[in-house]
Amino acid sequence: MSLLDLPDLTLDCILEKLSPSELCAMTCVCSELRDKCASDHLWKKHMEKRWGRLMGDAAIKEWKTHVATLMACLKTSNPSSSRSNTQQWRSRLVANLKPFSWLKTNHGCHNRGSSSSPIDSVMYWYSNLESGKFWFPAQVYNRENGHVGFMMSCYDAKVRYDHKTNTFQARYSAHGRRAAEENVTWQRLRPALVETESRDLHVSDCLQGLRPGDHFEIQWRRTKEFPYGWWFGVVGHLQNCGGEETCRCISDENVVMEFRQFRAESPWKTTVLNRKEHRETGNEVSGFYGGVKKLGTEEEVSTWKRLWPSQVLD
């Protein structure tokens, strides 16, 4: 009895238990198993488990644009071809891109059947991520290896995976100073925002409800030529506030934003925003403050606290 003689449901149950590299190895056996092992329903689970945390709306949009460009190139290269010829062109292009190079350390069949995975398949997407062929948008905590000027911040970047080190390479925004970084760990990444790009002012809809002790992120940039980064802070008490028991800060038109990673005498220690009329505020000395987001979950706060510097910053 051959494996292909099994009922489809039984065979699917077996294939669902295979790892991504094992599924790729199975595509080398025969054309029927190649088609089964490349099916999206098998790879969606692996994609979600491995890459789901980083594949936000911005990264998904980038991938769809990438696929559409490849498909358009295929169509332009051979507009009058038959379906079978188009499939041959498609397979040839995928093979040339070598998205399955990450399998070299696991199996010896990375240049065979698996290279014919369709461009618009989840398997091909997964393999492009694993091999580092696809740069996608993300945000990096404490950029440039924890450079003191970026501690407790999060900046937009294009990143790609390095399967040899299980880390990422990052290229930061071309606006302002160009920079790149290697060996960025998984823990320092989060999905990029699609609704607010790095030079756009975020619409602050939480200022009215902020009260002392709330955690927030605020856009900040050194000069107006630079992109925004997101900086972590805690809402503080107004100077004339009597403390917790008599606190009336919530009813005041102004709100104090504290950045406790800085020393008390630092120009970046605090800033005061108007709850009703806040747009971008600041100057060339202390920088420019943009939109505000209130952190709503303990997971968001704990992520920032794990990145806290070992000593107070100047």
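Reader: What volume does the largest pocket have?
Author: Keep in mind that this is a predicted model. Its largest pocket has a computed volume of about 550 Å³.

Reader: Which residues lie nearest the centre of the largest pocket?
Author: The lining is made of 24 residues. By class, they are nine nonpolar, five polar and 10 charged. Nearest the centre lie Arg 53, Tyr 141, Arg 190, Pro 191 and Glu 300.

Reader: Which element gives the largest share of the lining of the largest pocket?
Author: The largest pocket is lined by 24 residues. Elements giving two or more of them are strand E1 (136–141), strand E5 (189–191), strand E11 (287–294) and helix H9 (298–306). The largest share is five residues, and it comes from H9.

Reader: Which residues lie nearest the centre of the second largest pocket?
Author: This pocket has a volume of about 450 Å³. Its lining counts 18 residues. Nearest the centre are Pro 137, Asp 156, Lys 158, Ala 192 and Glu 197.

Reader: How many charged residues are in the lining of the second largest pocket?
Author: Two or more lining residues come from each of helix H5 (57–77), E1, strand E2 (153–162) and strand E3 (167–172). By class, the lining splits into nine nonpolar, two polar and, for the charged class, seven.

Reader: How many cavities of 30 Å³ or more does the structure hold?
Author: A cavity is a space where a 1.4 Å probe fits but cannot get out. With the cut-off at 30 Å³, the number of cavities is two.

Reader: Which element gives the largest share of the lining of the largest cavity?
Author: About 50 Å³ of space lies in this cavity. Its lining includes Cys 154, Tyr 155 and Asp 156, along with Gly 229 and Trp 230. Two elements give two or more residues: E2 and strand E7 (229–236). The largest share, three residues, is from E2.

Reader: How many polar residues are in the lining of the largest cavity?
Author: Among the lining residues are Gln 139, Thr 196, Glu 197, Ser 198, Gln 219 and Tyr 228. The lining has four nonpolar and two charged residues, and its polar residues number five.

Reader: Which element gives the most to the lining of the second largest cavity?
Author: This cavity holds about 40 Å³ of space. Its lining includes Val 235, Gly 236, Asn 254, Val 255 and Val 256. E7 and strand E8 (254–258) each supply at least two residues. With three residues, the most comes from E8.

Reader: How many nonpolar residues are in the lining of the second largest cavity?
Author: Leu 210, Pro 212, Leu 238, Cys 249 and Arg 275 are among the lining residues. Three lining residues are polar and one is charged, while the nonpolar count is seven.

Reader: Are H4 and H7 roughly parallel or roughly antiparallel?
Author: Helix H4 (residues 40–51) and helix H7 (residues 122–131) have axes 8 Å apart. The axes meet at an angle of about 30°. Angles under 35 degrees count as roughly parallel. H4 and H7 are therefore roughly parallel.

Reader: In which hand does H4 pass H7, left or right?
Author: The packing angle is about 30°. The crossing of H4 past H7 is left-handed.

Reader: How many nonpolar residues does the contact of H4 with H7 have?
Author: From H4 come Asp 40, Trp 43, Lys 44, His 46, Met 47, Arg 50 and Trp 51. They meet Val 122, Met 123, Trp 125, Tyr 126, Leu 129 and Glu 130 in H7. By class, one residue is polar, four are charged, and the nonpolar residues number eight.

How values were computed:
Residues numbered from 1 in each chain as written. Predicted model: local features only at pLDDT ≥ 70, side-chain atom pairs only at ≥ 80, totals over all residues. Heavy atoms only, no water. Axes fitted to C-alpha atoms, helices over the stretch in contact; angles between N-to-C directions. Helix = DSSP H or I, 4+ residues; strand = E, 2+ residues; numbered from the N terminus. Parallel < 35°, antiparallel > 145°, perpendicular 65-115°, else oblique. Left-handed = near helix turned anticlockwise from the far one by under 90°. Contact = heavy atoms within 4.5 Å. Nonpolar A, V, L, I, M, F, W, Y, C, P; charged D, E, K, R; others polar. 1 Å grid on protein atoms, 1.4 Å probe; cavity = no way out; pocket = protein on both sides within 12 Å on 5 of 7 lines; lining within 4 Å. Points joined across faces, edges and corners; volume = space filled by probe spheres on them.
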